[in-house]
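Here are my notes on the model you sent over.

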Amino acid sequence: MSEDFFQGYKGDALEILKKFSVRVWGQASINTTRGVFRGTILPRSENDDDQHIVMKIPTGYNVGIDIRTVTDMQETGYKKAVYKIPEKEFPYSPGRPNVKLIGTGGTIASRLDYRTGAVIPAFSPGELYGAVPELADICNLTTEKIFAVFSENMGPEQYKKLAVVIGQEIEKGADGIVIGHGTDTLHHTAAALTFMVQNAPVPIVLVGSQRSSDRPSSDAALNLMHACTAAGHGDIAEVMVCMFGPTSDEYGFLHRGTRVRKMHSSYRSTFRTLGDTPLATVTRKGVKPIKPLYNHRRKDRNVSILPYFEEKVAIIYYYPNMQPDMIDSLVENGYRGIVIAGTGLGHVNKPLYPAIVRAAEKGVHMYMTVQTLWGYVHMFVYDTGRDLMAKGIIPAENMLPEAAYIKLGWALGQTDDPQEVRRLMLTPVNDEITPREPYNGYLVYQGGVPEVEEFIRKFHK
Amino acid sequence: MTQTDFDPAANYEQTKREAGYVPRKEATQETYDRIGFMSGLEVHQQLLTKEKLFCHCPGGIYNEDHIFDAEVIRHMRPTLSELGEYDGTALMEFKTRKNIIYRVKNETTCTYEVDDTPPFPVNREALDISIRISLLSKLNIVGEVHITRKQYLDGSIPTGFQRTAIIGVEGEIPLKHKKVRLIQLSLEEDSCREISDVGHWRIYKTDRLGMPLIETVTYPDMVNPDEVKEACDYIRFLARSTGNVRTGIGSGRQDVNVSCRGGTRVEIKGVSHTRWIPELTHNECFRQWSLLLLREKLLKAMPDFSGWKIHHEALHFHSFKFTHPPIVQAKKAKDRLIAVNLPGFQGALSHFTQPGKMFADEISDRLKVIACIEKPNMTHSEAFEAEISRQDFDKIREILGAAPEDAQIVVWGPAEDIPTALETIEERCLMAFRGIPNETRKSFIDGTTIFERVLPGADRMYPDTDSPPIPLEDQHISRLGEDLPDEVIDRYHQFRKWDIPEDTYTYLFRNNLYPEIKRIVEELGVKPSFAGTFFGHRLKFVEGHYTRGREFHYGLIYDLFRFLLDRELDLALTRKMLPLLYEHPKMDFESILTSLKFKKIPKQDIVSPIPFLRTKYAQIRYRDDREAEGRWIMGQLHTMALGNMALAELGKIVKQ
């Protein structure tokens, strides 16, 4: 195919560029009823309108020209910009732990896309190293990009492939695994890997960033350093999420993959451990456990890879006046499992009862979790709860709705036997259900109470 | 080896003479033509909006340095530019390894300021004001506003970049004798205010961060320091004429770009008063001219400088008898002490650069900024007052194996900062062979400047992927252009036509008083020179000497004039009434008159005591003098007459 001279332009704007024979990356002088504009024609974002032409003026700024004001246009030169960021090979130092960085895409590895004007996953981990040379002081890093997708496009196929690749890397002798991942569904993947990669002898650390690495204030570099420290030097051999503790550049938290959740749409310290305290803090100096009990690093390579997933599983977020056809339609469409995020202690309204009975009769596996995110399902407290259990809904204790969804998919990928599914669901792999909830988990790590405000005033947030 | 006959002070004076430096007062256009003075401006002006530019925090609320609710710590990392290169400033800032602390006050800061949420849609009020000012500046308004990220790695903006957008390009402003071309006007978010910058810690507060600001950029059309000030005043007065900009300390600041012939564009940052501009630009132009002279001398002595490098040795405090207090202090602080030899640099360190400053200061300034070593951070072989004894310096030269034509620096600082310090010294010396480094400089009231940062290039611009472009329709622009104020230049000519004294103009323009004067002249028929002088002299005096009442605004002065004219009182009363009105703007005019003990008295009652007073004067006089008699009688009647009749008229009657 010939080169696209009019990247992103369409409709009227494309016509006018063609009419005056001016290309993208051409230096042009445009006469308009508002005066003359000079600069380089830039590609236009595909989703923007067809009434403007984008231009980079000599001072480096971009401006748009309204094509209805254009009277004449001339191309005076042409210089195509090439956006190539060099990849650097990672230096090897004997004595440092060997860490494998697996790239999946997302903000930790992204840069500007002129086509859409948005951020696309494109930095290879090698490029990333070029920007964070400090990594070489932490570990010997090898990198592999196994896919480049936005976090929201991660799904069962990717979970299974990741699990297999991790298994291979562990067998090959990696001292730790780091997975670069978009943040939106980082906690879904973390839960999936917890179930699919069991008894790992080394740390498996998922990391992302909330500010893309093309920004000077990005959290990507520090997150990556923390993740490599946790993977290469930490003693906690579990599937964990490593992200900012406070919004300040100070320390990261290591969260258990089953208890972590993205809690803010944009904050750096968006990931919080719910129903518990985080596992540990991490700085470039090392990992400091908060929880006394965890799986320790081992020398052996005995890991179990269980890459199973049934895709016909859904999660239902209950709201007042939800109609029974919401459940009926899932059943009619062949869904095998439903996780309900109920109100309060785990409730839904009475009009749903018949639909729940119909689903149970079809053998659909139903588990109850809570919308409050904090706390346990307690279905014995009110009649509603008892009714629901009688109709076949199984309380999933304090499993987070997303973790329950992932786990049900994983369980149904292995068996359809209700007893076996129930056993898999209610036997915790790694704290997706905990026997107790520490009283300070909620207080200390959420903020908002006056004592915490006082703390925030005194220490870096 | 000793240096016996080199006299740094004489060298300084001689190089100053060679550079042809003259104080500004003695400089003429010929002086500036000789050294090729060239200057352009970037004038910043805050806009008067309720909220900030990209979030809904209130604008214009400031807090003291020590009042804050939280602190956030961040670091800035250079990022590769779109073209795969690092920006020069970026690398320098990274070298400095600064910990940046933001002091946050809940009232003025949300998650946007601390870079924890993407921008909200741009403030339309600010956008419209910036379009109006662009129209007044004869700029070509863009068809679509594109928000751009301009990188700043000094931490002054927590994102590491400033969101900024071009509103118009290619305009002009008329000065008294020429036109100055404008490159562009942009709308941008203001930065944090710096609280302190010591060692590796820099502290900012976020109250001002995100306030809407416009930047007007001129071409380098100004050819002498006074023209730069005139252009700057014009741009500021133009913005103020809209009544939609903020006034007061810090609401307007300018960066002044200066170069001399063969020099480099150097940016003097954050000049907050236009009256400082002439001295600063004058000195900067001569600094560059002197550095070019230094380059010439260095190249003559060392035509091939490619292999030029410094040589250094660590010094042991105990091997010397140092008494210079900073060195004694460094010893206490367990700093490292390093002697550096600069081959062939004798005469360079004490080379003139600015009044009271020499080339060695350029190095010391950079050590502070780049290596984060607080001043005093070094001494050298060409200090006017020897800070290291002759014997010790001889010993240091011996350790370094220095030749007679070399110069030496002794630098001290924390061990971890020394490698950067040595790099910095070598780098600045090598720049002396090449010419004038590209840099931004910080200004001082005495008209001198110091190194602030490496001047960033155009490499630091990125499209802001968080904001969509904003189309500007013709219709909207013409609506905004409908009620634009008159041009400042026309107002200037009108003031002259009105015979208002020129010394009032700066004050009148700064406070946008033209509309008030015009209203009083046109609607009340007051003599323009009286109205102009009243504002330009009397009001200015009162502002300087009384406390402004919260509700005072300039429109009250029109009301005052109107009141007196309605009551058929003499306008001379305005002078007496203004201080009270200014301090108590809610007081009605009658009450002001009462508190001034003013009584309405018919003219005949004022003049009737004159015969009696003449007789009285005859009794008490020391000398027989008609003039003195007149003055004495006027003094007796003055208070009574004020406001009731013109004093000139009374004077005439008394004289008869």
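1. First, the ground rules. This is a predicted model, so to speak of local features we need pLDDT of at least 70, and side-chain atom pairs count only at pLDDT 80 or more, while totals for chains, interfaces and linings use all residues. Residues are numbered from 1 along each chain as its sequence is written, and chains are lettered from A and ligands numbered from 1 in the order in which they are written.

2. Chain B overall. You'll find 22 helices and 23 strands in chain B; these are DSSP runs, helices (H or I) of at least four residues and strands (E) of at least two, numbered from the N terminus. Along the principal axes, the C-alpha atoms of chain B fill a box of roughly 100 × 70 × 50 Å.

3. Burial and contacts. Of the 656 residues in chain B, 46% are buried. Buried means 20 or more other C-beta atoms within 10 Å of the residue's own, exposed means 12 or fewer, and partly exposed is in between, with C-beta atoms placed from the backbone. Among contacts in chain B with a separation of 6 or more, 76% are between residues 24 or more positions apart; a contact is two such C-beta atoms within 7 Å.

4. The core. The largest nonpolar core has 155 residues, and Ile167(B) and Val411(B) are among those with the most contacts inside it. A core here is a set of buried Ala, Val, Leu, Ile, Met, Phe, Trp, Tyr and Cys residues joined through C-beta atoms within 7 Å. Beyond four places in sequence, the contacts of Ile167(B) include Ile131(B), Val145(B) and Leu187(B).

5. Where the chains meet. Here 47 residues of chain B are in contact with 46 residues of chain A. Strand E2 (70–74) and strand E7 (161–174) of chain B are among the elements giving two or more residues to that side, and E2(B) gives the largest share, five residues.

6. Strand E4 (residues 62–66) of chain A and strand E5 (residues 144–145) of chain B run antiparallel, joined by two bridges; pairing requires at least two DSSP bridges. Val63(A) has Val145(B) as its bridge partner in E5(B).

7. Is Leu292(B) buried or partly exposed? Leu292(B) is partly exposed because it has 18 C-beta neighbours inside 10 Å. Leu292(B) sits in helix H6 (residues 277–301) of chain B. Past four places in sequence, Leu292(B) contacts Gly262(B), Gly263(B) and Gly435(B).
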